[in-house]
There are 2 protein chains.
Amino acid sequence: MNIPTLPDLTNPALAARLQHKLDHKTKPLASLGRLEALALQLGLILDTDTPQLTAPQLLVCAGDHGLAARGVSAYPSDVTWQMVQNFLSGGAAVSVLARQHGLALSVVDCGVRHDFAAQPGLLLHKVAPGTADSSAGLAMTAAQCHQAIANGVEIVNNLPGNAVLLGEMGIGNTSAASLILSGLADLPISTCTGAGTGLDAAGVARKVQVLQQVRQQHATVFANAPRQPLALLAAVGGFEIATLVGAILQAAAQRRVVVVDGFITTAAVLVAHALQPLVLQRCVFAHQSGEPGHALMLAHLSQNQAQALRPLLDLGLRLGEGSGAALAWPLLQSACAILAQMASFESAGVAAAL
Amino acid sequence: MNIPTLPDLTNPALAARLQHKLDHKTKPLASLGRLEALALQLGLILDTDTPQLTAPQLLVCAGDHGLAARGVSAYPSDVTWQMVQNFLSGGAAVSVLARQHGLALSVVDCGVRHDFAAQPGLLLHKVAPGTADSSAGLAMTAAQCHQAIANGVEIVNNLPGNAVLLGEMGIGNTSAASLILSGLADLPISTCTGAGTGLDAAGVARKVQVLQQVRQQHATVFANAPRQPLALLAAVGGFEIATLVGAILQAAAQRRVVVVDGFITTAAVLVAHALQPLVLQRCVFAHQSGEPGHALMLAHLSQNQAQALRPLLDLGLRLGEGSGAALAWPLLQSACAILAQMASFESAGVAAAL
């Protein structure tokens, strides 16, 4: 697999120019808090002191999981394709929020266990109709994993604009995300696993047991995961997460802003980061998921960062789909608007601090 | 002063209808987190299971403070009127954000130490050119305080729409807000006082000293504050806070949604709440201010509430103006859109949980 190397976006001169601009706007120093840090980041990604977000693309990657047959989710696998139809019909949360904010919504069949008719908004990149059961063997072959990543690269390459918002759908995919976290951050399964779409305590306990079986089944893969993240990804799935990995790497290579949704999308960032740590420079984390493993993912990614990564929103969302990314989107637009449109003390004739 | 009594918006039948609607949308139960609680609140305020926000009005109340002469702020008093001009010229943060979100922006001269020419977007309701120095006597007479409240009532009564977003401008007004918190929550000045627009540690220490003098000057007023909140308001000011109190009471009486900005606007809610506790049913707290007293205000208001009040955003903002209210606004629109536009499991043909 040929992973493109990412340029380092560190640019002290541009950062200083952006900071100077922010510091001379008509407001007390740093009084717009994390919105100012966001403006700085967007400027560095887009390589300008007047970042403008164009043609934002919300990409929802969908896939099914063989492990779902082991009872790790509160919902049946059929909900994956039914929700894909719901996304396309405009009735899902992400459809409503994308419409509200003028985000172009594309749904990708990365590996759903259903044959979709061609329809507007649906991108067909099915590697297989669902992954295999990772508790019995590899969820994906190495070739399937590479194909899904290549699909993500191609999809983003064909999208317009300079920002992608990433979400997902896949019954069983919190299990895959928990396994990826466990492998890449070397944490016990029990601390990485949560209720997903709404398991009760007994359901979570069963889920933990099944995921521990998966980890035992692939003990060597888990032991080597930080050095061989794609082997881990192939072992646990899923197709939508692998497609997201490709999408993240391609978007990062093209200096697009990557708006990361919740737990499962961040799992894809974990894999992309293990391949190319500099992807983090391009990632804006939209919200703190209610799924407890998400905070552990962000703590893992924050290692070696100057500041701990902190998502923009914290509303207890646990839906996925890209719904949190869409909800955070206006904050990115605000950060750009502040830089572009606010007056300086000088231009507005306002006195500076005493 | 004739304070209108507020009806109690508790409505178990409507609440149950709203909750049923939310629970049958195509998403796992409660997976939209606090956005669902917000949707429920907006439905109860607007008395419908399909709340729609119309003609939102952002009202920025401005006034000057005699206490500013005591060196409690990092900025000179002239910045108040200069920023009012900046709001109206479109160059301030709140101007930019109001434009982004289609919010009608009105700026109120509640008592600025400057003579403004009449101009579009400016409402002239000046009680006096700045309050008196509260460390030497009353900031406002009782009559001035009542006049400012009556102005707020009249202003909101003349505004269209069913939602008001409230912000403020006034050099020295974090001091007044800290004093109101200290009086109404019976907390020591030192825990209520912060850096405001950017004092250093020595500056904060001086500010604390001055505010302690104010508290001593009005010792009886502070002792009686919970029972006589308007006497406290008159003692410490300011005109913009009193006008906001009237705006909040009137908006609440008319069942408008009240979007509360940060520290100073919440101080006005504290006074309104001391007069009419049910105002809280109508208040949406937009963001957690970086000013430390704000969390104490919310804790005070959360007493006797079923759940602790928690603002929507936590971005370290400390600007005022209504900037945080404007940033949170799209979340209110999302909450309404979810209720109005999302499909149900039944209508979308999606299987329910196992």
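Predicted model: local features only at pLDDT ≥ 70, side-chain atom pairs only at ≥ 80, totals over all residues.
Local features need pLDDT of at least 70, side-chain atom pairs count only at pLDDT 80 or more, and totals for chains, interfaces and linings use all residues. Residues are numbered from 1 along each chain as its sequence is written, and side-chain values use heavy atoms, without hydrogens and water.

**View 1. The contact between chain A and chain B.** Chain A gives 56 residues and chain B gives 56 residues (contact: heavy atoms within 4.5 Å). About 4,200 Å² is buried between them, 64% of it on carbon and sulfur atoms. Buried area is the accessible area (1.4 Å probe) that two parts lose on being put together, summed over both. Pro28(A), Tyr75(A) and Leu315(A) supply 13% of the area that chain A buries against chain B, more than any other three residues.

**View 2. Salt bridges across the two chains.** There are two between chain A and chain B. In one of them, Arg310(A) meets Asp314(B) at 3.4 Å, N to O. The criterion is a side-chain nitrogen of Lys or Arg within 4 Å of a carboxyl oxygen of Asp or Glu.

**View 3. Cysteines without disulfides.** The structure holds zero disulfides over all chains (cysteine sulfur pairs within 2.5 Å). For Cys336(A), the nearest cysteine sulfur is that of Cys283(A), 16 Å away. Cys336(A) is buried at 7% relative accessible area. Buried means under 20% (1.4 Å probe, protein chains only). The sulfur of Cys61(B) lies 4.1 Å from that of Cys110(B), too far for a bond. Cys61(B) is also buried, at 0% relative accessibility.

Technical notes: Chains lettered and ligands numbered in written order. Buried < 20%, exposed > 50% of the residue type's maximum accessible area, 1.4 Å probe, protein only.
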